[in-house]
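Thanks for coming. I have one structure to go through today, and I will keep it short.

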Amino acid sequence: MKRLTTIFFLTLCVASAFAWGQKGHRIVAQVAYDHLDCKARKQVDKVLGKHGMIYLSSWADEIKSDTIYPQSGDWHYQDLDGGLTDEAVVAMLTDYPKEGGNMFRVLDSLEVVLTHDKNNHDALAFYVHIYADRFCPMHVAHLDDKGGNAVKMKWFGQNTNLHSVWDAKIIDSKGFTYSEYAAYLHDVYGKQKKAVRKMTDEETILQTYHLTDAVYQYHATWNGNAYHYSYQWIDEMEWQLYTAGVKLAQALNSIF
């Protein structure tokens, strides 16, 4: 696999995190793949293999256990304090925070790498994955609880935490395969595709940040019923998945 270039590594430090689960990443990648223009799809398939964008969408999580990219753990998240103003959140897209992860910084760095080297396998695989993470509420969650990992929950009788619920458990509750879920999202939200494409980076990060705040507020009074929890948040989660896929495709179309 083609290694990332020096320009990428100069911007990074070390930590750890998790991400949308495998299914969530495949859903986002499938939605994005379906929205790639011909030129971008040809290039993505050339670099990652046919449909490799989907099959490798969770590779960035798997590589954490390898010494090839030992510092990649904190590339997947940007934990933020609650109660920030919109202006403060937006400013962090370019004035990167000094703590709480490196997601904003890394996405910008990856775009630089791919702009100069469109055949960089690892940069593209990381970009597909980390771009999707930006739309997961628990990847812009609170600093003081490790992105929701320290918020303990019971999910249908099993011990878990807030981060894991948003990474995978709400998605799994639907019972779809990733391809079924992507097709479902196209059917339900396809008419809003143009509106999504008009959204700016600032608008998408604020959408995620405000959803995260709402999730924390709900959790403070939640009665512990997992059925109610899924019912409360399934629409918002699906909108995040669809938005992530459409915007990822738009970004790749621009790069390639």
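This is a predicted model: local features need pLDDT of at least 70, side-chain atom pairs count only at pLDDT 80 or more; totals for chains, interfaces and linings use all residues.

Let me start with α10. This helix covers residues 178-189, which makes 12 residues. From its first C-alpha to its last, α10 reaches 16 Å, close to the 16 Å expected at 1.5 Å a residue.

Which residues of α10 are buried? They are Y181, A182, L185 and Y189. Seen down the axis of α10, these buried residues fall within an arc of 100°, so they line one face of the helix. As a reminder, an α-helix has 3.6 residues a turn, so residues three or four places apart point the same way.

What do the buried residues of α10 pack against? The partners are four helices: α2 at 22-34, α9 at 162-172, α11 at 193-198 and α13 at 226-255.

The largest pocket has a volume of about 280 Å³. Its lining is made up of 16 residues, and L93, D108, E111, R134 and D201 lie nearest its centre. Two or more lining residues come from each of α7 (103-116), α8 (121-133), α12 (201-221) and α13. Of these, α7 gives the largest share, four residues. By residue type, the lining of the largest pocket divides into eight nonpolar, two polar and six charged.

Is H219 buried or exposed? Its relative accessibility is 19%, and the limit for buried is under 20%, so H219 counts as buried. Leaving aside residues up to four places away in sequence, H219 touches V151, K152, M153 and L162.

The other two residues I picked for their backbone. Most residues other than glycine have a negative phi. H51 has a positive phi, near 60°, and is not a glycine. Where is H51 placed? It is in the loop between α3 (38-48) and α4 (52-55). At 27% relative accessibility, H51 counts as partly exposed.

F156 also has a positive phi, about 50°, although it is not a glycine. F156 is found in the loop between two strands, β1 (152-155) and β2 (158-161). With a relative accessible area of 45%, F156 is partly exposed.

That is what I had; I will take questions now.

Notes: Residues are numbered from 1 along each chain as its sequence is written. Side-chain values use heavy atoms; hydrogens and water are left out. The expected span of a helix is 1.5 Å times one less than its number of residues. Buried means under 20% relative accessible area, exposed over 50%, partly exposed in between (1.4 Å probe, protein chains only). The arc is that of the directions from the helix axis to the C-beta atoms. Contact means heavy atoms within 4.5 Å. On a 1 Å grid over the protein atoms alone, a cavity is a set of points where a 1.4 Å probe fits but cannot get out, and a pocket is an open set with protein on both sides within 12 Å along at least five of seven lines; lining residues have an atom within 4 Å of a point. Grid points are joined across faces, edges and corners, and a volume is the space filled by probe spheres set on the points. Ala, Val, Leu, Ile, Met, Phe, Trp, Tyr, Cys and Pro count as nonpolar, Asp, Glu, Lys and Arg as charged, and the others, Gly among them, as polar.
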